[in-house]
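The following report walks through selected features of a protein structure, and it is meant to be read with the sequence and the coordinates open beside it.

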Amino acid sequence: MRMFSVSHKTVFVVDHCPYMTESSRQQIECDMLTKSRAQGVIPLAPVSKSLWTCAVECSMEYCRILYDIYPTRKLVNYIVSDSEFHILNSWRQEDQSVQELMTALAAVGPPNPREDPECCSILHGLVAAVESLCKITEYQHEARTALVDLADRVANRGRIICLTNAKSDTHVRMLEDCVLETIQEQNKLAAGSDRLMPIQQCELVLVHIYPQGDDTLVSDRPKKEISSVLSSEVHSVRAGRHLASKLNVLVQQHFDLASTTITNIPMKEEQHANTSANYDVELLHHRDAHMEFIKSGDLHMAGSTSRDSGLKETVTLKWCTPRTNSVELHYCTGAYRISPVEVNIRGRSMRSRSVLLEQPRKSGSKVISHMLSCHGGEIFLHMLNSTRSTLEDPPSISEGCGGRVTDYRITDFGEFMRENRLTPFADMSLDAAGRPPIERAKAQLERHTRYWPMIISQTTIFNMQAVVPLANLIVKDTMTEDDVLTCQKTVYNLVDMERKNDPLPISTVGSRGKGPKRDEQYRIMWNELETLVKTHVGTSERHQQVLECIIACRSKPPEEEERKKRGRKREDKEDKTEKNGKELEEKMWTQDSDRLKGAMEREKEDQSESEVIKDSPDSPEPFNKKPRLATEEIQPLEKSKGPVSLFSLWTNRITQANSRKHQEFAGRINSVNNKAELYQHLKDENGLDVHENGKATR
Amino acid sequence: MPTVVLMDASLSMTRPVSLEGSEEFQRKNLAVHGLTMLFEHMAMNYRLEFTALVAFSSLWELMVPFTRDYNALQEALSNLEDFDKTCLELALQGVSTIMQQEWGSACPCQLVLVTDGALGIGRGSLRHSLATLKQRGEDKKFPLPFPFPCKLYIMCISNAEELQTTDAMDNLEQLLILSGGEGQIFTMEGPLCLKSVQAMFGKLIEQAYMPFHAVLRCGHLTSDVQVFPRPEPVMIDEEVDPVPKHVLTELEIVGFIEIADIASPPVLSRHLVLPIAVNKEADEVGAGTTDEMEEDTSTNQMAGKSPNFCVLLHGSLKVEGMVALVQLGPDWYGMLYSQADSKKKSNLMMSLFEPGPEPLPWLGKVSQLGPISDAPENPYGEDDSKSPFPVQPKSKRSYAQNVTVWIKASGLQTDVQKILRNARKLPEKTQTFYKELNRLRKAALAFGFWELLKGVAELLERECTLLPDSAHPDAAFQLSHAAQQLKLASTGDSQYAAFEHNITPMLTDFSGGGGGSDRL
């Protein structure tokens with residue numbers, strides 16, 4: 001995998017001398033008369049391409065395939081030569097496209113047959129080609145700049161493809177000598193320049209084009225080292241389709257390509273809708289996509305056949321329907337851009353996202369070896385692994401560290417991941433601090449995880465809908481004035497809850513019996529909230545304001561609490577049973593009921609038992625961890641009638657699950673027995689405390 | 001990366017080791033001792049490695065097929081019999097077959113060759129094999145290099161001096177180069193004894209079988225992990241950047257991407273990411289929990305019961321159908337995802353992308369990926385109905401545009417027919433007619449194919465004369481206008497032959513009122 005191999009730079013030198021206007025003598029009938037109109041009409045004489053037209057269209061085809069498969073880093077410089085040289089484009093990436101070259105070629109036009117043949121020569125172009133190879137490309141420049149002292153590691157190699165009509169073998173040798181001489185001269189010049197690089201290796205590919213029916217005056221010659229810097233090969237080809245297939249073979253050799261024929265592609269066109277008509281498409285791509293076949297010597301077994309182009313073979317793969325599911329992650333060991341051999345046949349189905357390809361085997365067994373996949377309008381041939389995995393039968397994650405823990409905040413972390421999804425930004429989009437997008441993504445992850453308990457029983461605040469607005473805002477890098485207000489509102493709301501003695505979703509997992517007392521619960525909650533906010537306090541003044549608000553609003557300073565808590569621990573344990581019952585019952589927002597309490601407790605026991613057996617993280621998230629904020633009106637009625645029915649247990653459960661999905665109405669949160677008092681502020685102003693009165697549980 | 005242990009069972013391995021002590025050892029005993037040590041280490045620390053045992057002399061035999069059962073390997077080793085002379089070439093051929101049958105031809109492998117350095121004599125000896133290397137046909141090629149990547153570790157039950165008295169060392173070095181140069185030759189230092197064989201296998205373990213430990217990090221959430229198999233150093237371009245890149249021991253998550261968006265990317269290798277318990281004080285006690293855990297639980301169970309970030313991450317990746325993009329080093333990334341082995345078992349896996357700033361064209365440059373909160377609006381939409389991926393390439397490929405290729409005559413004929421077909425349906429098809437006409441004109445100009453322009457102009461003129469009486473009068477105007485324009489272009493006159501110029505329909509009295517003609 002060398003970036004600056006010979007194929008980094010390709011110079012096309014195309015002969016534009018008067019003799020190139022000669023006809024290729026390959027005639028094309030373009031007046032295909034339809035039967036009905038054939039009467040009495042003299043058909044148009046067939047047209048034939050000139051040598052120039054043949055050379056240009058075949059070189060364009062070479063470039064089309066090259067640019068399809070290597071949209072960057074493999075560069076072409078196109079030069080035409082007559083009485084002087086004309087450079088049609090530069091090494092710059094934006095000049096690298098077939099359209100660009102076609103525009104330039106149209107401006108040049110066909111050779112002028114009236115030009116003086118004595119002044120015209122392909123040599124002008126060859127000299128320009130060598131000079132061009134010395135010019136540094138933006139990739140070479142970038143690599144040299146990055147390496148500083150080791151800049152000489154960046155090599156300068158290239159290839160010259162010369163399409164011409166030579167006079168004789170001696171003429172060919174003269175051209176080779178001229179290229180070699182020019183290289184030596186230019187290398188001397190380049191040694192003393194910053195923008196030029198001496199050529200280390202140059203491959204000269206001379207293609208002699210002659211009209212059909214003529215005898216060639218130039219003989220084929222395989223690649224030969226002319227000197228340490230120059231090698232040369234000669235191809236003598238008839239114009240027309242012979243030239244086209246020659247350049248097709250060359251582009252495959254030069255860029256390590258191979259061919260795959262996809263068979264059984266279903267027709268989508270309407271006229272074929274009812275038939276089972278299929279068609280084939282031949283694709284070119286990097287030969288590594290056949291790595292597995294080449295290495296295993298399976299190339300023939302894989303249904304390869306020789307193509308008419310000679311030399312190269314194509315591997316046949318079968319189109320598999322239905323298409324693959326895009327949310328499946330296949331083990332793919334390579335993905336290679338493709339180029340269809342015949343661009344006129346546009347496989348419509350190829351635009352669909354992903355199709356699996358099957359390698360036909362003699363034994364009749366099916367092996368899915370490749371996948372054709374479209375990403376943003378570009379088609380790639382993915383190579384899939386079809387051999388045994390060395391990672392088979394690994395220990396399940398549930399058997400390892402942390403595998404027995406059952407109450408991971410899987411859903412919450414899923415939400416966290418969604419918030420931390422990535423999106424592409426325009427090049428060089430740095431923020432105020434000069435950070436590229438990826439660094440900002442890391443910084444966001446850092447902020448979002450400053451306080452992030454991994455399991456439900458480790459946290460109270462993240463189980464409370466009421467805290468959500470604050471928790472979402474405090475992790476932000478910059479907070480607005482409104483954000484601060486929202487946070488403050490959240491805090492006031494919590495104060496309100498505490499005043500009303502609302503139950504909190506404190507976990508009782510891990511402690512025997514019931515959880516802590518209500519005031520203890522609030523202390524834990526406030527402590528946790530403070531911990532969360534404190535981790536962000538350094539971010540900005542406004543973050544600080546939120547902390548100040550909490551400290552000002554919460555009942556007791558944390559230090560005092562800690563001391564108390566330690567002292568109280570023993571005492572807490574003693575009345576756990578009772579308290580647990582109370583908590584549950586309060587969650588139900590109902591009055592005392594022994595039977596209900598019993599039922600709920602049984603349910604809870606069952607649940608905790610099942611938790612132990614089940615595997616995390618696939619087991620459902622234990623419920624009952626979030627505050628119950630609403631209950632159906634029927635519940636108090638149901639409950640007073642007698643034993644709790646399975647139905648009411650189920651209803652409770654569903655209601656509870658639903659309540660987690662939305663933020664409760666403020667009115668209902670503050671309601672008592674599902675009745676919210678209106679115009680409370682009026683009473684407050686009158687100095688009446690409505691909340692205490694309304695509470696029936698105390 | 002599976003391991004094949006290739007054990008020399010030739011007679012020369014039974015040579016006694018000269019020792020002053022009471023017990024007499026054969027070289028084979030030393031070899032078995034060393035391998036026992038290796039197997040014990042693997043059973044403890046590298047348990048998931050598949051290992052096969054092959055014994056060879058003039059023939060070879062697969063004693064234990066690939067297994068993780070190290071007791072079976074150990075047992076086979078202790079029951080090893082002695083055979084005749086050494087013939088390494090055949091044995092290597094055997095290893096190649098065994099490997100490819102089991103793992104295909106792309107799976108990298110480690111070959112541990114244990115020998116005394118007596119590499120046979122005459123035909124079939126390594127010396128003979130190497131000497132005849134270049135005189136072989138396609139069917140009798142030397143098995144090295146293997147078709148699959150291989151690290152060759154040669155464990156010599158002899159010391160360097162002894163090997164250098166013959167050409168054994170040279171031959172082994174040549175063998176190592178032939179196999180691709182990856183690996184090492186180990187020799188024993190000092191007298192041949194249990195201690196020195198231990199030291200030698202200790203070095204092998206150090207080099208090839210040390211578990212890869214790392215810290216997986218997502219902001220402040222971390223987990224100690226073992227990555228199995230060990231990620232291998234990767235070379236990007238041996239010329240420009242000949243220093244192999246190593247995966248860092250801190251794996252930092254940079255963000256998350258949907259599975260559909262990452263779209264089965266090509267990867268260099270896949271690895272299990274296994275959370276491990278590091279002997280640290282368990283200080284992760286949260287708000288009021290785990291106060292009274294049973295004290296007598298073993299450390300393993302303790303580890304199972306204390307929350308681990310890997311498990312949380314795995315669970316959420318699985319549920320959400322997402323992957324985590326993880327940074328492995330400077331300009332090197334990979335992805336973490338949940339991989340199901342069966343219906344019950346699933347695991348956290350890490351795949352490594354090719355090093356470089358843009359490993360997947362459809363993601364764009366990784367350094368340009370940022371948090372969605374920085375975007376002016378959520379690129380995934382409020383209801384996750386869209387996605388910013390795939391990133392569109394800057395230019396379209398040939399198959400995504402209307403490229404003109406006339407290499408085959410049929411291509412040209414089709415294009416001419418298209419024009420004629422539309423010509424007969426003028427003025428209804430005015431727009432399509434000119435579109436096809438201009439496409440042909442452009443290609444003909446670029447290819448210098450002026451003859452074609454003249455030809456098509458003549459065809460259009462003929463069509464004009466063949467128009468039926470019922471034809472719309474506009475048709476004749478458009479046809480002769482188009483023909484004239486093509487003729488002008490075929491002169492190469494820069495005024496008419498400019499590539500960017502398009503022939504526009506002639507404005508006639510009819511086209512304005514347009515009874516059914518498509519407007520422009």
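P229(B) sits in the loop that runs between strand 10 (221–228) and strand 11 (250–258) of chain B, where helices (H or I, at least four residues) and strands (E, at least two) are DSSP runs numbered from the N terminus. The peptide bond joining F228(B) to P229(B) is cis, with omega about -10 degrees. A cis peptide bond also leads from L426(B) to P427(B), with omega near 0 degrees, and P427(B) is found in the loop between helix 11 (409–423) and helix 12 (430–446) of chain B.

This is a predicted model, in which local features need pLDDT of at least 70, side-chain atom pairs count only at pLDDT 80 or more, and totals for chains, interfaces and linings use all residues. Residues are numbered from 1 along each chain as its sequence is written, chains are lettered from A and ligands numbered from 1 in the order in which they are written, and side-chain values use heavy atoms, with hydrogens and water left out.

| Residue | Phi | Relative accessibility |
|---|---|---|
| N264(A) | about 65 degrees | 33%, partly exposed |
| D384(B) | near 60 degrees | 35%, partly exposed |

Here buried means under 20% relative accessible area, exposed over 50%, and partly exposed in between (1.4 Å probe, protein chains only). N264(A) belongs to strand 10 (residues 257–266) of chain A, whereas D384(B) lies in the loop between strand 16 (369–371) and helix 11 of chain B.

I121(B) is exposed, with a relative accessible area of 67%, and its place is the loop between strand 6 (109–115) and helix 4 (126–131) of chain B. The C-alpha atoms of I121(B) and C87(B) are separated by 8.7 Å, although the two residues are 34 apart along the chain.

Is S81(A) buried or exposed? S81(A), in strand 4 (residues 75–81) of chain A, is buried, because its relative accessible area is 0%. Its side chain reaches the backbone oxygen of S121(A) at 2.5 Å, and a polar atom of that side chain lies 3.0 Å from the backbone nitrogen of G125(A). Leaving aside residues up to four places away in sequence, S81(A) touches several residues, including V14(A), H16(A), I122(A) and H124(A), where contact means heavy atoms within 4.5 Å.

Helix packing can be followed in both chains. Two packed helices are described by the angle between their axes and the distance between the axes. In chain B, the axes of helix 13 (residues 450–466) and helix 14 (residues 473–489) come within 8 Å and cross at roughly 165 degrees, which means that helix 13 of chain B is roughly antiparallel to helix 14 of chain B. Angles under 35 degrees count as roughly parallel, over 145 as roughly antiparallel, 65 to 115 as roughly perpendicular and the rest as oblique. Among the residues that meet are L453(B) and V456(B) of helix 13 and A476(B) and L479(B) of helix 14.

In chain A, the axes of helix 11 (residues 481–499) and helix 12 (residues 518–534) come within 11 Å and cross at roughly 170 degrees, and these helices are therefore roughly antiparallel to each other. Their contact involves residues including V491(A) and L494(A) of helix 11 and Y522(A) and W526(A) of helix 12.

Chain A as a whole has 21 helices and 18 strands, and 53% of its 698 residues count as buried.

Conventions. A polar contact is a pair of N or O atoms within 3.5 Å; within protein, one must be able to donate a hydrogen and the other to accept it, and residues adjacent in sequence count only if both atoms are side-chain atoms. Axes are lines fitted to C-alpha atoms, for helices over the stretch in contact, and angles run from 0 to 180 degrees between N-to-C directions.
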